[in-house]
Amino acid sequence: MSKRILTTFMIVFTLFLYAPTLLLPIFAFNDSSIIAFPLSGFTFEWFYSLTEADELRGAALNSLIIAAASSVLATCLALLATSATVRYKFPGKGLMIGVIMVPMFLPEIIIGVSLLTVVLLAGLKLSIYTIIMGHTLICTPFAIAILRSSFQQLDPSLEEASLDLGETRFDTFRRITLPLIMPGVTSSLLIAFTISLDEFVIAFFLSGTEPTLPVYIWSQLRFPQRIPSVMALGTLLLLLSIGLLTLSEVLRRRSVRRLGQHDTSGAW
Amino acid sequence: MIELSNIEKHYGSYHALRDVTCHIKEGEFFSLLGPSGSGKTTLLRTIAGFEGIDSGSVVIGGQSMAGVPPNKRPTNMVFQSYAIFPHMSVAQNVAYGLRAQRLGKTRTTEMVTEALGKVGLAGYGERAAHALSGGQRQRVALARALILKPKVLLLDEPLSALDRKLREEMQSELRHLQRSLGITFVLVTHDQEEALTMSDRVAVMFEGEIAQLDTPQALYKRPASKRVAEFFGAMNILKAEILGLKGGIVTTRIEGLGVAEIPLGPEADTHGGNKYCAGVRPELMTVLDDGESAYPKENPAIVTDVEYRGELTYYDVKFDGSDTPVVVSMRNTTNREIKEVGQKVRIGWENASAVLLLEQT
């Protein structure tokens, strides 16, 4: 009896979570510009229409550049911050971590407005570079949260052993630390990439004439006849996200197996 | 080989090393023995260069180590966790430190093969490091350190993670390795038996200080203080009153035993108001049979407990006029009878059975 209730609950819950997402591909292939049931027919038209939209291609390219740049920047900054905070004690450490982690909890609208003010005060032009700055700011706390656990799992005597065997600190980082925290670095890159890719508020405030993909999509929603194309675009983004998540999990499992570690974390 | 002079070290308000001075000779097997928190590992890490010191000096092979980082010191270390690099094969682990020497592939392979042979892991080179057992990891850690031909090999509790049988095997193997290579070994351990069986000399540490430094035999036979005495095997501690000192011999009245003339210990100092007690090892007293009189001194006592252990019998006895229980161990020879609880016996001993022990240090 109670088992049946639990099963029902689980099914309803899963539907609630994922059914809306399934509407995306359904309408992306529907041969009608009106988003409503019943479906009228099957078509690839909306996907073709994407290839003709130059603005869309520009936005997608902007998004990819911004996501790549800010994920790399955020991961590098996080590497520096975590190796300092996990390994060393110094005055003001707690405060420093706090200040770095704050953007994770601040409403994005506040970050967006303040960064816009700063950029305008500094006399800078709004461009993809200002968006990269904003995205690096919000991605860094996530990267730190991921890398912190990688660093904490790393036995400090491995680094000491490397120093003891005659390697310099830099070569120790290159030969021991980096390979061993690589799963964390990969996760950090992929997650920061995903966060940047679908971030809207900050990108909206900081983009000038070069919109990102979410900003472009938002601008298209004003035109009802463009909605099916947006659905097609959404379908592609959905596939990309699933692909990235799968890739990061496959990489993580492979490295856990390769290092013979016990797999303590499930899929994130 | 290693000169440690007046080393002081604090962690915040915690005094980790107090005025540590000792000289480790070339080619000796030296042990730092002490309970956890005694500063023995901190001292080892100081020699390796992982810990800075507040004052004092570390000199290795005639060269001051002030400001010399671990990677530039003529020491190599076997870590307690072994610190085997998990993303490398056994051979890559062993060859790790050779990179800087640019020996070329053939020479490196030769040296790795030789080093693995020395520690009994010939043919294990291609194994993944994480597929090894505890004992094998330890051997890889040894090979990885020894391949660099260090002047000093530092070992941080290398046997504590192994089971008893393997530990005993590794003890004698380490000893043989040290003798055949002639390298100075410095071992950190909390196991007194390990320190006794393996070392040429042992420094016993308590609370950041070297309490006594001597050969294993001397430490066992003539411990300077109560703490050191209790750390090595069993020791009966009895109240003692110093009656006089003449020519290095202390006349002492020992609780239950009476007056004894004991040679003054190496580091004992009867001046300065220190408190002393007397120590007598269980095996240095004899429960006498009737009519037996092989000992210069005898005291009447009563047996309060008997513990038969095959090879030995342990007696708990109380001397007349004393409430302190004293343990006497007897070898069970063919003609010796086992005494019973409540039996009145005579305990035989001599001056050399007793040592004078400092209460604190």
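Reply: Start with burial in a helix: the buried residues of α10(A) are A:L213, A:P214, A:V215, A:Y216, A:I217, A:S219 and A:Q220. Buried means under 20% relative accessible area, exposed over 50% and partly exposed in between, with a 1.4 Å probe and protein chains only. Helix α10 (residues 213-220) of chain A is thus mostly covered, with seven of its eight residues buried. Helices (H or I, at least four residues) and strands (E, at least two) are DSSP runs, numbered from the N terminus.

Me: What should I know about the model and its numbering?

Reply: This is a predicted model, in which local features need pLDDT of at least 70 and side-chain atom pairs count only at pLDDT 80 or more, while totals for chains, interfaces and linings use all residues. Residues are numbered from 1 along each chain as its sequence is written, chains are lettered from A and ligands numbered from 1 in the order in which they are written, and side-chain values use heavy atoms, with hydrogens and water left out.

Me: How many residues does each chain give to the contact, and what area is buried between chain A and chain B?

Reply: The size of an interface is often given as the accessible area lost when the parts come together. Here buried area is that loss with a 1.4 Å probe, summed over both parts. Between chain A and chain B it is about 2000 Å², and carbon and sulfur atoms give 56% of it. On the side of chain A, A:D164, A:L165 and A:R175 lose the most area to chain B, together 35% of what that side buries. Chain A and chain B each put 23 residues into the contact, where contact means heavy atoms within 4.5 Å.

Me: How many salt bridges cross the interface of chain A and chain B?

Reply: A salt bridge is a side-chain nitrogen of Lys or Arg within 4 Å of a carboxyl oxygen of Asp or Glu. The rule finds three across this interface. One of them joins A:E160 to B:R45, with the closest N and O atoms 2.7 Å apart. The elements that give two or more residues to the side of chain A that touches chain B are α7 (156-164), α8 (169-198) and α11 (227-258) of chain A.

Me: Is α7(A) mostly covered or mostly open?

Reply: Mostly covered, as eight of its nine residues are buried. Among them are A:E160 and A:D164. The cover includes α3 (54-87) and α8 of chain A, together with α1 (40-48), β6 (75-78) and α4 (134-146) of chain B. A:G166, whose phi is positive, near 105°, follows α7(A).

Me: Which way do the residues of β9(B) point?

Reply: In a regular strand the side chains alternate between the two faces of the sheet. In β9(B), B:R201, B:A203 and B:M205 point one way, and B:V202, B:V204 and B:F206 the other way. Strand β9 (residues 201-206) of chain B has six of its six residues buried, so it is largely enclosed by the rest of the structure.

Me: Which strands pair with β9(B)?

Reply: Two strands pair if DSSP finds at least two bridges between them. Strand β3 (residues 29-33) of chain B pairs with β9(B) in the parallel sense over four bridges, and B:L33 stands opposite B:V204. Strand β10 (residues 209-214) of chain B pairs with β9(B) in the antiparallel sense over five bridges, and B:M205 stands opposite B:I210. β9(B) and β10(B) form a hairpin with two residues between them, and B:E207 in the turn has a positive phi of about 45°.

Terms used: Buried area is the accessible area (1.4 Å probe) that two parts lose on being put together, summed over both.
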